[in-house]
Structures are given as structure tokens and as C-alpha cells.
Amino acid sequence: MAGKRNVDFKVLDAISVVSKKLSDSDLKIRRTKSFSTAEEQLASYFGITSGAVWMLSAIISYYFDNQGESCNFNDIASFFNSSVMSIIAYSSDIERLLTKGYIRNKYGMDEEEIGLKNEFELSTELIDCILHNKKIRISKKKQGDESTTALVKRMGALISSSEDVNYKCSRVSDIEEKCAHNTFIAQTLRIVTSSSHDCTDRMFFYDACSDFLEGTESRLLRTITDVYGDTNDVKFSVANAFLNERHILLTSGLLEFTRKGCLTDSKLTISSKAKEMLLGENAWLFQENTKGTDIIRPEDIRQKKLFYSAENEEEISRLKDSLQDEKLRSIKERLAEKGLPKGIAVLLYGLPGTGKTESVYQIARETGRTILHVDISNSKSCWFGDKIHALCRSERIESSAGRRIGFGK
């Protein structure tokens, strides 16, 4: 029965006895009968070795002494008043605690492994069992059964914690293989595969997603350094690809600039497309909403048959053809090579009621592109155009009726 005391000794008392003896001991103690008895009781209760009992007792003591905070090797070493290397000697015992689900590694690529950066958290179920003197019962997750946001945050922590790019690539590849069933990972692998450095490209994307989940934009220089270390030749090559807007994460529509300047002040964030990949049906919670705008999805547009003159029909067909993904990518590449702005701008002219707006709707429906419809008469701010540009960053159609209609990417 939940809450019933079903252990024949007081678990907290035993932990207190062991912890008091171990504190500031430098891992060297003179055993007493009470200590040995408590140690044996805890080893049996948790199903672990005496060394693991020592480590777990230290982590539990730290948890209660520091209001539920997680701890690392330095914190554990401080509890024992020993060196960090002395604690690392108990790595196999700590990994046993991880495997049994008593603790988890907040910053490890795998919650059950010790990595280059470690932050150990106690299981809430374990705390409940200890506090209520109940038999241990831990609900273990299935391998790879982790929320996408938690997975991305842990990848971001690993990517920013090590200078060894080869080590990070290896660990990221491992987690991608393990979580290949995860929709976000699968989509990322499918999109970011054309580069010879696609593993580091994906690491850059995961790091940017982690920044987004933390509520911050990604500084270009900082993120490059996180992923590639401080090697200047690589850093400048990647920076050039971004600032020339040729990087695969920009051309594939996963990242976009929020501020584009020099290397040190440029900032990026994940695009609406990436938010949908990362958050699914919850992505709308993070989409910007600008007064005076209306987003129209292609699937919501009702099909209509429009009739044009032969000359206009030819122009409309050419525009539709240009908005197809492969053709548009080729056009943007050629424009970039010439140092020109990338995108398609079209001016529709004619008297009211001649079909300018409906033409836009039907083109969007046929090419599968979202419309950002803006009524300029509703704009009250001189900065409104900048807002729309930041939202849209798309191929635009200008209407002589005084409206700007943007095709989303």
C-alpha cells in the first residue's frame, strides 16, 4: 500500500550514520559497528556495492544540504574533502547508480553514462522512497524514450562543454543512431546530409535549438566556437558560409538571421520550419504574431479557375515555375554568385477587381507556399516594415492596391 512503512529499518537514519562518518573523511575512515551495520543495510536496500553506497550517500547529503541542487565530481569531492581524481576512481560505482536509475546525468549524452561534463540529479522516485521508508521502486525509461526537448538540451550541453570536435561528432552520431526513431532527429538527418561536414552542421543546428529552448538567440561566433573549437581556419570558413548565406542550415530553411552584421555581432535563431520539427503541434506557441498581418496556408485556399490573356498566362506560368523548390534554389544560387539579393519580387498592376490578389492566392495554393498578407493601412509604426521583413524573409509579391503579400518559404 502506498505510504506504508515496509522496510525493517529507518533508511534516513542509516544514510545519516554513513554520511556523518564519510563527511570530510578523505575516503579514509575507521569503521564502527554502527557504520558497518548502516552500510550493509543500505547496500541490501539499494542493491549496490559498499562503494556505491558511499557515493549515493554523498549525493543524497548534497541534495538535502543544498535545497535539491544537482552535483558534479567537484561537489562530491568537496563533501569527502578529497581530490576529484579520488572520486573518479569510483566511476564504476557511480555508473551503477546511473544504470539503476537512482541518479541521472543531466549533461551526459546518455543519462546512464559518465561523460566529459557531468551533473548528477537524484531520482524523485528515489527521494520519495527514502522519505517514506518504502521499498525501492524506480520506473526506468526505455532506451531512447526521452522527450525531444530534453534530448536537444543535453546535446547542446555536450556541444558547448568540450573542445574536441571529433569526440563531440562521435557522441552526437551515437545518439542520432540510438534515437533514429525520434521524428525530430529523423527529419534533421534527412535534411542535413549534403555537406561533407554534415555532422558538425547538425551539431550547429542542435546547439541553436538548445539556445532557443533556453529562450536565447544564437550568437554566430559563439556557436561556431562551441561546435568547432577555436581553430581559426575552420571558424572563418564557416563564418563566410553563413554571412554569404550559403550555409546548408540557411539554404535548407532551418536557421535564419535575427541580426546580420559582422562575425562578432551576428545572431541567428531557428526558423518556423525548425520550430515545427522541434515542437510539433506546440510550435504555434512560439510563432511571432504581428498586428496587421494575416497568415494564409495554401491548404486553406479554395481552388478557383482564373482566365488570363495569352501574355499574362505565360508570365504567370513562368512565375509558378520559378517558385518550385529546385528552380528557386538554382535562381537563389545564381543571384548569390552575383552578389544580388536572393528572392523573387513581382509587381502586379491593374484596376481593382481584375484578379491581382486572387492570382496570388492561386499561385500560393499551387506551389504550396504560405502567404503573409499585410494591410499597410493598419500599420502605425515606422518600424513595421522591418518587422514584416524579419517575419517573412521570403519571395514577395507587391500589389499596386497598397498591400504587400509575402510567399513564405
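1. T225 is buried (under 20% relative accessible area, where over 50% is exposed and in between is partly exposed; 1.4 Å probe, protein chains only), its own value being 13%. This is a predicted model, in which local features need pLDDT of at least 70 and side-chain atom pairs count only at pLDDT 80 or more, while totals for chains, interfaces and linings use all residues. Residues are numbered from 1 along each chain as its sequence is written, and side-chain values use heavy atoms, with hydrogens and water left out.

2. T225 sits in helix α12, residues 220–228. Helices (H or I, at least four residues) and strands (E, at least two) are DSSP runs numbered from the N terminus. A polar atom of the T225 side chain is 2.9 Å from the backbone oxygen of L221.

3. β3, β5 and β4 make up an open, antiparallel sheet in the order β3-β5-β4. Its edge strands, each pairing on one side only, are β3 (218–219) and β4 (255–259). Two strands pair if DSSP finds at least two bridges between them; β3 and β5 (residues 267–270) have two, in the antiparallel sense. S218 is opposite L268 in β5.

4. For the chain as a whole, there are 19 helices and ten strands. Of its 409 residues, 45% are buried. The accessible surface is about 22,300 Å² (Shrake-Rupley method, 1.4 Å probe; for residues, only the protein chains shown count as cover), and carbon and sulfur atoms account for 47% of that surface.

5. Contact means heavy atoms within 4.5 Å. Among contacts in the chain between residues at least 6 apart in sequence, those joining residues at least 24 apart make up 61%.

Notes. A polar contact is a pair of N or O atoms within 3.5 Å; within protein, one must be able to donate a hydrogen and the other to accept it, and residues adjacent in sequence count only if both atoms are side-chain atoms.
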